[in-house]
Amino acid sequence: MRSLRSAVLYIAAGLCANLGANTALAQDLSAYLTGEMRGLVIHDAPVAASSLPFVRADETEGALADYAGQYVVLNFWATWCAPCREEMPSLQTLQDTLGGEEFAVVTLATGRNPPQAIRRFFEEIGVESLPQYRDINQQIAREMGVFGLPITVILDPEGQEIARLRGDAHWDSPEAVALIEALLAGS
C-alpha cells in the first residue's frame with residue numbers, strides 16, 4: 001500500500017511539474033503574441049501529436065517522430081488553399097533563417113493533393129527546400145483536430161503540440177522569428 005501511495009504521489013508530482021513548466025512557457029512567450037503571432041494559442045499542457053505515417057515525395061513513409069529532439073513548426077495546407085499559397089514562402093524563409101539541428105519547418109499537404117500538384121505548387125511560388133509530405137486521407141489532420149486550412153502547430157522536442165495558429169501568418173515576421181528564437185533559447 002505504501003509503495004502504491006508513493007507511486008501515485010510521484011506521478012502527480014511529475015504531472016504538476018509538466019503543467020507548471022508549460023504554464024511558465026505560456027507566460028514566457030506571451031510577450032511575443034503580437035502582430036503576426038497574436039492569434040497563436042499556447043496550450044496549458046502539451047498535447048500528444050499524431051504517430052500516424054505520412055508519405056514523403058519519394059513515396060516512402062515518415063512520421064512526426066522523425067523530428068524528435070527538434071522544435072517543429074508543422075503546417076497543414078493544401079494545393080487549392082489560397083491563404084496557404086500566401087503563407088508558404090514565409091515558411092520557406094523561416095526554415096532558411098532558423099532551420100537546423102534544433103528546429104525545422106515541416107509542411108504536410110492534407111487531403112487530395114497529388115504529388116505532381118504539390119511539385120507544381122512549390123515551383124510556382126518558389127519554395128525549394130520545404131518537405132513535400134502528404135497526409136493521405138487526412139488521417140493525421142483528423143487525429144490532431146485540424147479543421148480548416150491553413151493550421152500551423154508548434155511541436156516541442158518531445159514531439160508534443162505546445163501551440164496552434166488557425167489561419168495564415170507571415171512566419172518570417174519579426175514576431176514569429178523572435179518567438180521561435182525564444183523557444184530555441186529556452187531549450
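Q: Which rules apply to the model and its numbering?
A: The model is predicted: local features need pLDDT of at least 70, side-chain atom pairs count only at pLDDT 80 or more, and totals for chains, interfaces and linings use all residues. Residues are numbered from 1 along each chain as its sequence is written, and side-chain values use heavy atoms, without hydrogens and water.

Q: Where is arginine 164 found?
A: Arginine 164 is in strand β8, residues 160-166 (helices, H or I, have at least four residues and strands, E, at least two; both are DSSP runs numbered from the N terminus).

Q: Is arginine 164 buried or exposed?
A: Arginine 164 is buried, because its relative accessibility is 8% (buried means under 20% relative accessible area, exposed over 50%, partly exposed in between, with a 1.4 Å probe and protein chains only).

Q: What is it in contact with, leaving aside neighbours within four places in sequence?
A: The contacts of arginine 164 include Gly39, Leu40, His43, Met144 and Ile151 (contact means heavy atoms within 4.5 Å). Leucine 40 lies 124 residues away along the chain, yet the two C-alpha atoms are 5.6 Å apart.

Q: Changing topic, which residues touch the most other members of the largest nonpolar core?
A: Val73, Met88, Leu94, Phe103, Ile154, Trp171 and Ile180 do so, in a core of 35 residues (a set of buried Ala, Val, Leu, Ile, Met, Phe, Trp, Tyr and Cys residues joined through side-chain atoms within 4.5 Å).

Q: And which element gives the most to this core?
A: Helix α5 does, with six residues.
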